[in-house]
Amino acid sequence: MKTVKAFSKALSLACVLLGAGATTAAEFPEKAISIVTPFTAGSAPDGYTRALANELSKAARVPVIVENRPGGSSGIAAQSVGSAKPDGYSLLISGNVAFTGNPHVIKNLPYDPVNGFVPLTTLSKGPMYLYANPDKVKATSAKEFLQQLKSDPGKYTFGYTSITSRLPAEVLQQTAGVKVVGAAYRSGASMMPDLMSGVIDFMFTDFSAWTHVSTGKLKSLGVTDDVRSPFAPNLPTFRENGIEGMDIGFWLAAYLPAQTPQPVVEKMHALLVQANQTPAVKAAMKASGTFEFVQPLGQLEKYQAKERELWGKIIKAAGIQPE
């Protein structure tokens, strides 16, 4: 009889604990949420992230704080969230480089891109643009640009901040038979002055640099997409210039640490989708030259696995070795 009573008491206690856990998940969030990003403050992705954080705060009815942790090719930010408590209050918003490119170019990643996170959803995406210093690059099209590079092998230098911005130039070297020199930078903010002053000759990055094209400080010679960008409709694609293999873009996505409870995962996904569809966030997308790209819960894991495999093939073909 005592054994039965003891079992009954233990079962009741277990039910209470399970009920308490369910209640906690149902009431999520109850305190401030931290969004960690690898983007530098003031950059286009940072502007989008802050707009999203503001709308997420309204939807969740708690403060949402953005923490900029650039460096390590997005590895510092990813490591921070990957090692955080899996309670839903540490959220990573990162570009695809952390999960598709880095596994192929960095030998000892400080985070696990496959098992260390719960992939929530992609949020936005966009193509890359070729920007050049107008005094150093006289070409007026991507086709002419390649001819200029071929005429002086090894003379021209490009800047990059990650494998995402490096890969288009590497693909050109492999497919078009040109020889250029790469220079690594910590951030786009540190790279831009060198491009405008002529320290480097060209770079591939997002639409945020277009403002310098408008002022004549830079020129843009092509966009890495199958179709022209609605933000720069007069700019031809590389394919229009007869250059294949340049469909290399980027996307932003949200992640929680592995082992985050499923009810919290579902709640955060719903809140992010809600915030991402607000006029303020859509305006931030437009300002950064990106497009809404949201997926149902569970799809990002499959999507980035395919992307990781594809990027691996491109990186291998480009002859880039892990460092």
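**The whole protein**

The protein has 323 residues, and buried residues make up 52% of them. Its secondary structure comes to 11 helices and 11 strands. Along the principal axes, the C-alpha trace spans about 95 × 40 × 30 Å.

How far can you trust what you see? The mean pLDDT is 90, and 92% of the residues reach 70 or more. Residues 1–23 are another matter: their pLDDT is below 50, and beyond near neighbours in sequence this stretch has zero contacts in the model. Where pLDDT is low, the predicted coordinates should not be read in detail.

Helix H5 covers residues 142–151, and its buried residues are Ala142, Phe145, Leu146, Gln148 and Leu149. Seen down the helix axis, these buried residues fall within an arc of 160 degrees, so they line one face of H5. What does that face pack against? The partners of the buried residues are strand S5 (129–132), helix H6 (163–176), strand S8 (202–205) and strand S9 (219–223).

Rolling a probe the size of a water molecule over the atoms shows where empty space is left. In this model, the largest pocket holds about 1000 Å³ of space. It is lined by 49 residues, and the closest to the pocket centre are Thr161, Ser162, Ser165, Ser187 and Gly188. The elements giving two or more residues to this lining are helix H2 (44–60), helix H4 (97–105), H6, helix H7 (188–197), S8, helix H8 (210–214) and strand S10 (249–257).

The second largest pocket holds about 360 Å³. Of the 18 residues that line this pocket, Asp247, Gly249, Phe250, Tyr303 and Glu307 are the closest to its centre. Strand S4 (117–127), S10 and helix H11 (299–317) are the elements that each give two or more residues to the lining. H11 gives the most, with five residues.

**Enclosed spaces: the cavities**

The structure also holds two cavities of 30 Å³ or more. The largest cavity is lined by Asp225, Asp226, Phe238, Arg239, Ile243, Glu244, Gly245, Met246 and Asp247.

Around the second largest cavity you will find Ala44, Pro45, Tyr48, Ser124, Asp206, Phe250, Leu252, Ser288 and Thr290. H2 and S10 are the elements that give two or more residues to this lining. The largest share, three residues, comes from H2.

| Space | Volume | Lining residues by class |
|---|---|---|
| Largest pocket | about 1000 Å³ | 24 nonpolar, 21 polar, four charged |
| Second largest pocket | about 360 Å³ | 10 nonpolar, four polar, four charged |
| Largest cavity | about 60 Å³ | three nonpolar, one polar, five charged |
| Second largest cavity | about 50 Å³ | five nonpolar, three polar, one charged |

**Two residues to look up**

Is Ala44 buried or exposed? Its relative accessibility is 17%, and buried means under 20%, so Ala44 counts as buried. Not counting residues up to four places away in sequence, Ala44 touches Asp206, Ser208 and Ser288. Ala44 and Gly188 are 144 residues apart along the chain, with 10.0 Å between their C-alpha atoms. Gly188 is among the residues closest to the centre of the largest pocket.

Next, look for Lys179. Where does Lys179 lie? Lys179 is found in the loop between H6 and strand S7 (181–184). Leaving aside neighbours within four places in sequence, Lys179 is in contact with Pro153, Gly154 and Gln173. Lys179 and Val118 are 61 residues apart along the chain, and their C-alpha atoms are separated by 40 Å.

Terms used: Residues are numbered from 1 along each chain as its sequence is written. This is a predicted model: local features need pLDDT of at least 70, side-chain atom pairs count only at pLDDT 80 or more; totals for chains, interfaces and linings use all residues. Side-chain values use heavy atoms; hydrogens and water are left out. Buried means under 20% relative accessible area, exposed over 50%, partly exposed in between (1.4 Å probe, protein chains only). Helices (H or I, at least four residues) and strands (E, at least two) are DSSP runs, numbered from the N terminus. The arc is that of the directions from the helix axis to the C-beta atoms. Contact means heavy atoms within 4.5 Å. On a 1 Å grid over the protein atoms alone, a cavity is a set of points where a 1.4 Å probe fits but cannot get out, and a pocket is an open set with protein on both sides within 12 Å along at least five of seven lines; lining residues have an atom within 4 Å of a point. Grid points are joined across faces, edges and corners, and a volume is the space filled by probe spheres set on the points. Ala, Val, Leu, Ile, Met, Phe, Trp, Tyr, Cys and Pro count as nonpolar, Asp, Glu, Lys and Arg as charged, and the others, Gly among them, as polar. pLDDT is the predictor's confidence in each residue, from 0 to 100.
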